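Subject: Structure handover

Hello,

I am passing on the structure we spoke about. Please look through it first, and then read the notes below.

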Amino acid sequence: LFVANYSNSISLNRIGISLTYTSKCAIPLITLFLTVLLDGVNALPSLPVLMTLIPIGLGIATASWNHPHFELIGFLAALVSCTAQSALNVTTKRIMKQMSVPGPVAQRAMVAVGLFIASTMA
């Protein structure tokens, strides 16, 4: 989470909010890549789902490359942030599945921990 937030801050500083968050549209593509990397080819979704990722990738590439404030370091920082967020999502989902914890239960636990941390800081 630290890497994602730190990289996001670098990206915002170097290329601005519009291009940083345009780059974040790559999260579905990166999530698919990480899932296949960790779970193998059997984790690939159906062909129609894969086809929906093509316009996303082309749109990100087109919007990013022609952006007037494009800078390679800022763009790479945005991609590092996306990759870190995707890795967090993929690993969290895998752990929840292994522990048989449903989503709402996990969310309540995270809210309770966040509330505890926030109340100790006040």
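Among contacts in the protein between residues at least 6 apart in sequence, what percentage join residues at least 24 apart? The figure is 78%, where contact means heavy atoms within 4.5 Å.

Some ground rules. This is a predicted model, in which local features need pLDDT of at least 70 and side-chain atom pairs count only at pLDDT 80 or more, while totals for chains, interfaces and linings use all residues. Residues are numbered from 1 along each chain as its sequence is written, and side-chain values use heavy atoms, with hydrogens and water left out.

Confidence. The pLDDT (the predictor's confidence in each residue, from 0 to 100) averages 87 over the protein, and 99% of the residues score at least 70. By element, the lowest mean, 85, belongs to helix α3 (residues 47–65), and the highest, 90, to helix α4 (residues 72–99). Where pLDDT is low, the predicted coordinates should not be read in detail.

Overall layout. The protein has 5 helices and 0 strands, and its pattern along the sequence is α-α-α-α-α. Helices (H or I, at least four residues) and strands (E, at least two) are DSSP runs, numbered from the N terminus. Along the principal axes, the C-alpha atoms fill a box of roughly 45 × 45 × 20 Å. Of the 122 residues, 24% are buried; buried means under 20% relative accessible area, exposed over 50%, and partly exposed in between (1.4 Å probe, protein chains only).

Helix pairs. Two packed helices are described by the angle between their axes and the distance between the axes. Axes are lines fitted to C-alpha atoms, for helices over the stretch in contact, and angles run from 0 to 180 degrees between N-to-C directions.

The axes of helix α1 (residues 2–23) and α4 come within 7 Å and cross at roughly 120 degrees. That makes α1 oblique to α4; angles under 35 degrees count as roughly parallel, over 145 as roughly antiparallel, 65 to 115 as roughly perpendicular and the rest as oblique. The crossing of α1 and α4 is left-handed, a term used if the near helix is turned anticlockwise from the far one by less than a right angle, with right-handed used if clockwise. Residues making this contact include V3, I10 and R14 of α1 and F75, A78 and C82 of α4. By class, the contact of α1 with α4 has 11 nonpolar, 8 polar and 1 charged residues. Here Ala, Val, Leu, Ile, Met, Phe, Trp, Tyr, Cys and Pro count as nonpolar, Asp, Glu, Lys and Arg as charged, and the others, Gly among them, as polar.

For helix α2 (residues 27–39) and α3, the axes come within 9 Å and cross at roughly 130 degrees, so α2 is oblique to α3. This crossing of α2 and α3 is left-handed. P28, L29 and L32 of α2 meet L50, L53, I56 and G57 of α3, a contact with 6 nonpolar, 1 polar and no charged residues.

Two serines. S86 is found in helix α4 and is buried, with a relative accessible area of 0%. Apart from neighbours within four places in sequence, S86 is in contact with I27, I30, T31 and L34. S64 is found in helix α3 and counts as buried at 2% relative accessibility. With neighbours within four places in sequence again left aside, S64 is in contact with L19, T22, S23, F70 and F75. The C-alpha atoms of S64 and G74 are separated by 11 Å, and these residues are 10 apart along the chain.

Regards
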